Amino acid sequence: MGDGTGLSYPARGATSPGTPVWPASPAGFRRYETTVTIGHGDDTWAAARDALAHWEIKRRSGFSVAPADGGGLRARESGRYTITAGCGRFAVREPVEVVAVVERGNRSGFAYGTRWGHPVSGEEAFIVHRDDDGRVLLTLRSLTRAAPAGPWRLLFPLLLLVQLGVRARYLRALR
């Protein structure tokens with residue numbers, strides 16, 4: 001299981017954050033994609049790109065994000081991070097690795113994959129992009145399945161419900 005690098009799934013980069021049209025996904029995952037408008041113009045574009053690169057979409061949605069490999073907070077290819085939800089004894093720590101970074105033209109973002117010990121298995125991508133009219137958009141993509149092992153597997157149906165609420169927060173985080 002896993003890809004031999006610590007990811008809990010074999011399909012590294014499957015959310016394809018660099019492509020406007022998401023190609024077919026590997027079997028066995030719940031696929032999700034949505035796009036919302038977060039604003040208009042150069043100032044919004046610059047602010048959204050910077051916020052996204054520094055994990056603000058997660059942080060503004062109630063998570064803390066810390067580098068787990070000695071690197072900085074900016075999302076970087078192969079960077080490992082610990083995302084934490086909750087606090088104190090009730091905190092859930094989610095080990096992840098950035099599997100793709102996109103910074104070109106009118107498209108910027110990244111995707112991270114779950115590492116062993118994460119409550120679910122899969123990948124999530126956050127992409128900001130703008131159209132020819134200057135509209136700035138946020139696209140979320142995710143592939144999710146139950147963790148390959150451990151106690152989280154039993155809670156997977158509950159985690160899917162939690163994921164719905166978290167996605168709603170993501171969609172508001174950069175507005």
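Modeller: Gladly! This is a predicted model, where local features need pLDDT of at least 70, side-chain atom pairs count only at pLDDT 80 or more, and totals for chains, interfaces and linings use all residues. Residues are numbered from 1 along each chain as its sequence is written, and side-chain values use heavy atoms, with hydrogens and water left out.

Biologist: Why is the pair Arg12 and Glu97 called a salt bridge?

Modeller: A salt bridge needs a side-chain nitrogen of Lys or Arg within 4 Å of a carboxyl oxygen of Asp or Glu. The closest N and O atoms of Arg12 and Glu97 are 2.9 Å apart, so the pair qualifies. Arg12 sits in the segment before β1 (30-40) and Glu97 in strand β4, 85 residues apart. Strands here are DSSP runs of E, at least two residues long, and helices are runs of H or I of at least four, numbered from the N terminus.

Biologist: What makes Glu97 buried or exposed?

Modeller: Buried means under 20% relative accessible area, exposed over 50%, and partly exposed in between (1.4 Å probe, protein chains only). Glu97 has 4%, so Glu97 is buried. Arg12, with 33%, is therefore partly exposed.

Biologist: Which residues are linked with Glu97 in a network of salt bridges?

Modeller: Arg12, Arg80 and Arg115 are linked with Glu97 in that network. For Glu97 and Arg80, the closest N and O atoms are 3.2 Å apart.

Biologist: How do you know that Lys58 and Glu124 form a salt bridge?

Modeller: Their N to O distance is 3.9 Å, so the pair falls within the 4 Å limit. Lys58 is buried at 1% relative accessibility, and Glu124 is buried at 11%.

Biologist: What makes a space a cavity?

Modeller: On a 1 Å grid over the protein atoms alone, a cavity is a set of points where a 1.4 Å probe fits but cannot get out; lining residues have an atom within 4 Å of a point. The search finds 1 cavity of 30 Å³ or more, and the largest cavity holds about 50 Å³. Its lining includes Arg49, Leu52 and Phe110.

Conventions
On a 1 Å grid over the protein atoms alone, a cavity is a set of points where a 1.4 Å probe fits but cannot get out, and a pocket is an open set with protein on both sides within 12 Å along at least five of seven lines; lining residues have an atom within 4 Å of a point. Grid points are joined across faces, edges and corners, and a volume is the space filled by probe spheres set on the points.
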